[in-house]
Amino acid sequence: VTFNLLHADLMQQLFGAEIAIGQYFLEYVNVDAEKSLMERNLRRVLAGEVFSFEHYLTLEGQGLKCLVAIYCPIRDENGQILGVSFFAYDASKPKSAQALLQAGEYRYRKLVEDSNLIFLQLNGQGEILYLNRFGCEFFEYDLAEVVGKKFEAALVPNVASSRCDLKKMFPLVLRRQFSGTRRRTCELLTHSKKRVWVEWSYHWAAEPDQSGATLIAAGMDVTRAMQVRMEERRGFQRRKWQEIMNEAITGKLPSEEFTKLARTYRIPLAYPMLCLLMRPGSTDLTESNAWFEEKMQRQMDSLVDWLQDYGTGMVWRTADGICMVLPLPDGDSPGRDAWMRQKTNQIVQQAMLYTPEICWRCGASLASDRTVTLAEVYFQARSALIFGPTMLGLHTKYYWRDLGSYQLLVRDIQAESTGRFIEEQLGPLLKLDNSDSQRELLNTLRELGSFDSEEKIARRLHIHRMTVRYRKAALEKLLDCDRNAGRVVMNLGSAVRLR
């Protein structure tokens, strides 16, 4: 054996062997299995093979060691094999560094793939290069579906909840390849078109091959927090609008001050306008008491927000229900009236679709110019809603214009003279002790004001024709009047409706 000093030191370090020239090669190793392996390796080299292998040894006090051995034959000038050349070196440190690198890569991949954060990589054109597993699950895509797609085409909605155009804003981010890290919260769309909010931390990074820069972003789902914040902001705006509008419809707020506040808080009002007042007429909900009232209030608040998004006007809660003010299209009065009825039908239908368990009734009025105040047009819509069922019959929509001459009665309905008129016309009937008889006679008197035949009135009241005749006679006797006299008919009909 011939060897250099480094080889002798390595054998001493690994095996504790003192080697010398002329010593038998296999005396390096004191384990039979290792000797058998070396013998096989020597035979392979003497057969003309060149090879190398990694040999792992556990040495006392030194831990795991990696020995890289290289075997090759020694040949003379004729190519005949004369012996074996054996090279060895300690590769423990490089192997340890490689293992640490592999472990680091594994931990990094676990961090990126298994974390509850969204990791995204875009190129300079906004195309998605990478999206981690959580990001794919969050946006409801497979990786193959989004790689290569434009970020704004796949994930950005056309219009945000704040009404800004995100598709126009996003390219501005790509144009400015800034240094450092920036943060931004933006609204995005999942594959199922659900709106979500993500808080991004992002920066530009140069590619190793100098081919350009990519945008690296880490995102966190903040949808719930943003929804709560938006609800709080919307709730504040709704309460402020409600406060201003309710003061305006009661006449407590001067016109000049109302105009200033409307401009400050961006209240959408314009003339000519349509005023709608809606409130529940009947409900399929069978619950009652506090729980029912709370549920009804939540339904109405939710409907206010929904109608605000549906229409282009102003919606708020009043003591009488939900009020909605919409701008009217320019045009003549017949055209406006047709538009009012069409728009009222649409809104009532939408409200019933949104809350199918509630039957909404609506009163509507028009304000052609600023000479009609908000308080006046609200009074008209409220009057149509309250007195329409009595004066026009049971419907879901009532229009101030349809009240006709009854508008004059409605305006003075709270006056003391109105109460005296009702008392003069219906006093004996209202003083009846039997409430059932009073109700039957009042219903009959109301129907007699329609001037329909006894047969039609009997069908509407679900009674016999002779019962109508009997009740008519009883009313004439009780009220001491002639029901066939035109003036009597008008007075009694007006009194019943005013009541």
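K193 is exposed, because its relative accessibility is 61% (exposed means over 50% relative accessible area, buried under 20%, and partly exposed in between, with a 1.4 Å probe and protein chains only). The model is predicted: local features need pLDDT of at least 70, side-chain atom pairs count only at pLDDT 80 or more, and totals for chains, interfaces and linings use all residues. Residues are numbered from 1 along each chain as its sequence is written, and side-chain values use heavy atoms, without hydrogens or water.

K193 sits in the loop between strand 6 (182-189) and strand 7 (195-206). Helices (H or I, at least four residues) and strands (E, at least two) are DSSP runs, numbered from the N terminus. The hairpin of strand 6 and strand 7 has five residues between the strands. Within this hairpin, K193 takes a positive phi near 70 degrees, although K193 is not a glycine.

The protein chain has 18 helices and 13 strands. Of its 499 residues, 38% count as buried. Its accessible surface comes to about 29,300 Å², and 51% of that belongs to carbon and sulfur atoms. These areas come from the Shrake-Rupley method with a 1.4 Å probe; for residues, only the protein chains shown count as cover. Contacts were also examined (heavy atoms within 4.5 Å). Among contacts between residues at least 6 apart in sequence, 51% join residues at least 24 apart.

Strand pairing was examined next (two strands pair if DSSP finds at least two bridges between them). Strand 6 and strand 7 pair in the antiparallel sense over eight bridges. R184 stands opposite W200 in strand 7. Strand 7 also pairs with strand 8, again in the antiparallel sense, over nine bridges. Here H203 stands opposite I216 in strand 8. A parallel case is found elsewhere: three bridges join strand 12 to strand 13 (residues 397-399). In strand 13, K397 is the bridge partner of C362. Strand 12 (residues 358-367) is largely enclosed by the rest of the structure, because seven of its 10 residues are buried.

In soluble globular proteins, nonpolar side chains tend to be buried together. A nonpolar core is a set of buried Ala, Val, Leu, Ile, Met, Phe, Trp, Tyr and Cys residues joined through side-chain atoms within 4.5 Å. The largest such core has 25 residues. Those with the most contacts inside it are I118, L120, F139, F151, L188 and W200. Strand 4 (118-122), strand 5 (128-131), helix 4, helix 6 (151-155), strand 6, strand 7 and strand 8 (213-221) each supply at least two residues of this core. Strand 7 gives the most, with five residues. A second, separate core has 23 residues, including L253, M273, V325 and L374. Not counting residues up to four places away in sequence, W200 touches I118, L120, R182, R183, R184, C186, L188, A217, A218 and G219.

R317 lies in strand 10 (residues 314-318) and is buried, with a relative accessible area of 13%. Leaving aside neighbours within four places in sequence, R317 is in contact with Q242, N246, Q297, M300, D301, V304 and I322. R317 and W241 are 76 residues apart in sequence, yet 9.3 Å apart in space, C-alpha to C-alpha.

In helix 16 (residues 454-461), the buried residues are I457, A458 and L461. Seen down the helix axis, they fall within an arc of 100 degrees, so they line one face of helix 16. The arc is that of the directions from the helix axis to the C-beta atoms. Their cover includes helix 15 (435-448) and helix 17. Just after helix 16, H462 takes a positive phi of about 60 degrees.

Helix 17 (residues 465-479) has 15 residues, which should span 21 Å at 1.5 Å a residue; its end C-alpha atoms are 21 Å apart, in agreement. The expected span is 1.5 Å times one less than the number of residues. V468, R471, L475 and L479 are buried in helix 17. The buried residues of helix 17 fall within an arc of 65 degrees, so they line one face of the helix. On the other side, Y470 and K477 are exposed. Just after helix 17, D480 takes a positive phi of about 55 degrees.

E140 also has a positive phi, near 65 degrees, in a residue other than glycine. E140 lies in the loop between helix 4 (133-139) and helix 5 (143-146). E140 counts as partly exposed, because its relative accessibility is 33%.
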